[in-house]
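Colleague: I have a chain open here and would like to go through it with you. Could we take it piece by piece?

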Amino acid sequence: MSKVLYLPGVHTYWPEMGDSRPEVKMEASLSYYGSHYYVDTPLDLKGRGITPVEVHWVDGCRKAVEGWKSYRVTKKAFEALKAKYPISMECLLD
């Protein structure tokens with residue numbers, strides 16, 4: 001079985017429709033009011049508009065074991081990230 005290579009950009013998936021999560025090293029979600037994004041990644045991110053936040057993962061989960069970090073990212077900084085990295089984003093049906 002070959003591994004899928006994801007190009008830079010946002011790759012959305014709908015788990016309720018049976019879609020599987022893309023195997024990428026960056027996951028994002030839009031904040032409640034839509035003013036910023038939360039990005040989880042094992043990469044060290046730096047720059048204007050990127051602020052590390054405290055993680056709240058259960059001990060032993062995949063993200064805790066792999067050493068993932070969480071960041072609060074402005075919309076402008078997110079545009080720069082998605083031009084450089086493949087990012088997965090979960091979409092849920094209402």
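Colleague: Where does A77 sit, then?

Modeller: This is a predicted model, and in it A77 belongs to helix α2.

Colleague: Is that residue buried or exposed?

Modeller: A77 counts as buried because its relative accessibility is 9%, which falls under the 20% limit used for that class.

Colleague: And what does A77 touch, apart from its sequence neighbours?

Modeller: Once the residues within four places in sequence are set aside, A77 is in contact with R48, G49 and I50.

Colleague: How many residues are in the largest nonpolar core, and which of them have the most contacts inside it?

Modeller: The largest nonpolar core is made of 13 residues, and V39, L45, I50, V73 and F78 are those with the most contacts inside it. Two or more core residues come from each of β3 (36-41), β5 (69-74), α2 and β6 (86-90), and α2 provides the largest share, three residues.

Colleague: Staying with α2 for a moment, what about A83?

Modeller: A83 also lies in helix α2, which covers residues 75-84, but A83 counts as exposed because its relative accessibility is 59%, and the limit for that class is over 50%. From C-alpha to C-alpha, A83 is 5.7 Å from P8, even though the two are 75 residues apart in sequence.

Colleague: Let's step back to the whole chain. What is the order of helices and strands?

Modeller: The chain has two helices and six strands, and along the sequence they follow the pattern β-β-β-β-α-β-α-β. The radius of gyration is 14 Å, close to the 12 Å that the globule rule gives for 94 residues, so the chain is as compact as a globular protein of that length. Along the principal axes, the C-alpha trace spans about 40 × 30 × 30 Å.

Colleague: What share of the residues counts as buried?

Modeller: Of the 94 residues, 29% count as buried, while the chain exposes about 6900 Å², with carbon and sulfur atoms supplying 55% of that area. As for the contacts between residues at least 6 apart in sequence, 63% of them join residues at least 24 apart.

Colleague: Switching to charges, how many salt bridges are there?

Modeller: A search of the whole structure finds eight salt bridges. One of them joins the side chains of D40 and K63, with an N to O distance of 3.0 Å. D40 is in strand β3 and K63 in helix α1 (residues 62-65), so this pair ties together parts of the chain that are 23 residues apart in sequence.

Colleague: Are those two partners buried or exposed?

Modeller: D40 is buried, with a relative accessible area of 14%, and K63 counts as buried at 14% relative accessibility.

Colleague: What about D44, which residue does it pair with?

Modeller: D44 forms a salt bridge with K69, and their closest N and O atoms are 3.3 Å apart. D44 lies in the loop between β3 and β4 (50-53) whereas K69 is in strand β5, so the pair ties together parts that are 25 residues apart in sequence. In this pair D44 is exposed, with a relative accessible area of 59%, and K69 is partly exposed, with 28%.

Colleague: Which residues are joined into one network?

Modeller: Salt bridges that share partners join R21, K25, E27, D40, R62, K63 and E66 into one network.

Colleague: Last topic, the surface. Which residues form a nonpolar patch there?

Modeller: W14, M17 and L93 form a nonpolar patch on the surface, and together they have about 310 Å² of accessible area. W14 lies in the loop between β1 (9-13) and β2 (27-30), and W14 is partly exposed, with a relative accessible area of 31%.

Definitions and conventions: Residues numbered from 1 in each chain as written. Predicted model: local features only at pLDDT ≥ 70, side-chain atom pairs only at ≥ 80, totals over all residues. Heavy atoms only, no water. Patch = residues over 30% accessible without salt bridge, like charges linked within 9 Å, V, L, I, M, F, W, Y side chains within 5 Å. Areas by Shrake-Rupley, 256 points an atom, 1.4 Å probe, with all protein chains shown as cover. Salt bridge = Lys/Arg side-chain N within 4 Å of Asp/Glu carboxyl O. Helix = DSSP H or I, 4+ residues; strand = E, 2+ residues; numbered from the N terminus. Buried < 20%, exposed > 50% of the residue type's maximum accessible area, 1.4 Å probe, protein only. Core = buried A, V, L, I, M, F, W, Y, C linked by side-chain atoms within 4.5 Å. Rg over C-alpha atoms; globule rule 2.2 N^0.38 Å. Contact = heavy atoms within 4.5 Å.
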